[in-house]
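Dear colleague,

Please find the structure below, followed by an account of what was found in it. I would be grateful if you would read the text with the structure open beside you.

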Amino acid sequence: MKKRLFYAVLLFCISLSLLGIYSIEKKIIIFPFINKRILALSLTIVFLQLLYLFGKKHQSKAYANVPKKERNKEKQSLKPSVKLVDVAGLEEVKEEIMEIADFITHAEKYKKMGAKIPRGILLYGPPGTGKTLLASALAGETNTEFIASSGSEFMEKYVGVGAKRVRELFQRGKEKSPCIIFIDEIDAIGAKRSEEGQSECNQTLNQLLTEMDGFKLEDDQIIVVIGATNRMDILDAALLRPGRFNKHVYIGNPNKIARKQILQVHTKNKPLSKKVNLEKIAVKTHGLSGAHISNIVNEAALLAVRNNREEITPLDFDNAIERIIAGLKMKNSTISEKEKKIVSFHESGHALVGKLLKVHAIEKISIIPTSQALGYVLNASSEDQFLYTKNDLLKRVKSILAGRAAEEIIFGEVTTGAKDDLNKATDIILGMICEYGMSNLGNRTFDSKMIYGNMEKINDEVKRIIDHCYEDTLKLLQENKKPLIAIAEQLFEKETLSGDELNHLIKTV
Ligand code: ADP
Ligand code: ZN
């Protein structure tokens, strides 16, 4: 009703303005009451109404991905039916999520103890690995509301709009409590704040920080915020502080066992030929994400229908895998067995030397390709260290060179896989020489002008230190060839090893 009146007034004012302009232009009197003052008034009303309409359109965009029903706050919002059993693999992550689920369902128990319910969890890792799925499964397990949004929705060129949307999001959360607020692509809001310019980004991020700090929650209100990103490196440190996103969980691409489990979840209700061997399909999908695997299953089912088959056959799966991989044009996805073997030894070298020299505690070793590398060693986050001795830095360089050293020992030749390692090692050594006075060139620094003047000396010193470190690393790995081979073989077989498995292998060989 109100809407109709609004448009009637708009139409009336537009006609009045047009008539006014026409009569003033032609200097004729159509209606005696149309004068300049009335014209100005009607033009102003038209302008204000258009402004209102424009603002409304922008506001509704914030909820563009929320079903229409949802936008009406009186109505039910989303309660996902997904459960944790629908999320395959990711066992350690699921454990963490179960803890949070317990916080939500038995809030009283924790409140009695005076324990605070964790507010923010940050899931980070490559796309399609089940971050959204996991967040909605948490809502499904705890029968709570799931409010999904994406960081990019909050970025607008108009100052203040993003911040307002963040406020509205949390307002909705409070109304729906207990609930899970999921913010995908949180890096769009949470990128490091800049000093000037981008004041809109800063305002939006500040608003998010305020909401996460304060929440101004009533006693019985519970909101858990889950953020997801594949750009952890660009997030503002303030966002990662205690009280905000202080729990960070890495979710990488699945290993062979997890891929088989994902295949099981997605083929559960599909007619499979008895000849289909999910284990074999898991082997063929090395390096692919959960989302890719779910696409492959769907594609295989479509192919079976297209060929009028009653069941999905191994051939359908082979064709589907080929299609998906071809569509990806991923340089890493078709890695050969030989390359996989080299990467296994390379990463095992890093891990073993890191462990023997106590450089880092190791959380995970993996030969599952990411967009950046064919494999990686994930270091357990330990206390921040601010001071390093010269020996600390040299050990670090050795663990970095250990990938190449392992290749040389086992295969008698080296590969291009060590490019990033060599960069990192050279950077550390240059720092030792030019910034920290930790080389034979003395207790002094070199600024860029001096580096230019002493190029040859500095080059020689870099070479001396790096050669020395490489020799030591080769020797260490020669002496520990047995554990090196044992780790690499296990890694080749399982694709990922946890820190505990690594320790166990080193101890028992
Ligand atoms: P992300 O949020 O990490 O980009 P999603 O959670 O949106 O990834 O995953 C996309 C789809 O891929 C899911 O809806 C699901 O079908 C499938 N998928 C991904 N990971 C898994 C997993 N671990 N178990 C089962 N299905 C998965
Ligand atoms: Zn390496």
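H350 and D421 are both buried, in what is a predicted model. Because H350 is part of helix α14 and D421 is part of helix α16 (residues 419-434), the pair ties together parts that lie 71 residues apart in sequence.

The second topic is a sheet. Its three strands form an open, antiparallel arrangement in the order β7-β6-β8. The edge strands, each pairing on one side only, are β7 (376-379) and β8 (496-498). On average, neighbouring strands of this sheet are turned by 15 degrees against each other, direction ignored.

Helix α14 (residues 337-356) packs on this sheet, where it touches β6 and β7, and its direction makes about 165 degrees with that of β6.

Which residue of β8 is the bridge partner of S366? The partner is T496. In general, strands of a sheet pair through backbone hydrogen bonds. A further helix, α20 (residues 499-508), lies across β6 and β8 and runs at about 80 degrees to β8.

Yours sincerely

Definitions and conventions:
Residues are numbered from 1 along each chain as its sequence is written. Chains are lettered from A and ligands numbered from 1 in the order in which they are written. This is a predicted model: local features need pLDDT of at least 70, side-chain atom pairs count only at pLDDT 80 or more; totals for chains, interfaces and linings use all residues. Side-chain values use heavy atoms; hydrogens and water are left out. Two strands pair if DSSP finds at least two bridges between them. Helices (H or I, at least four residues) and strands (E, at least two) are DSSP runs, numbered from the N terminus. Axes are lines fitted to C-alpha atoms, for helices over the stretch in contact, and angles run from 0 to 180 degrees between N-to-C directions. Contact means heavy atoms within 4.5 Å. Buried means under 20% relative accessible area, exposed over 50%, partly exposed in between (1.4 Å probe, protein chains only).
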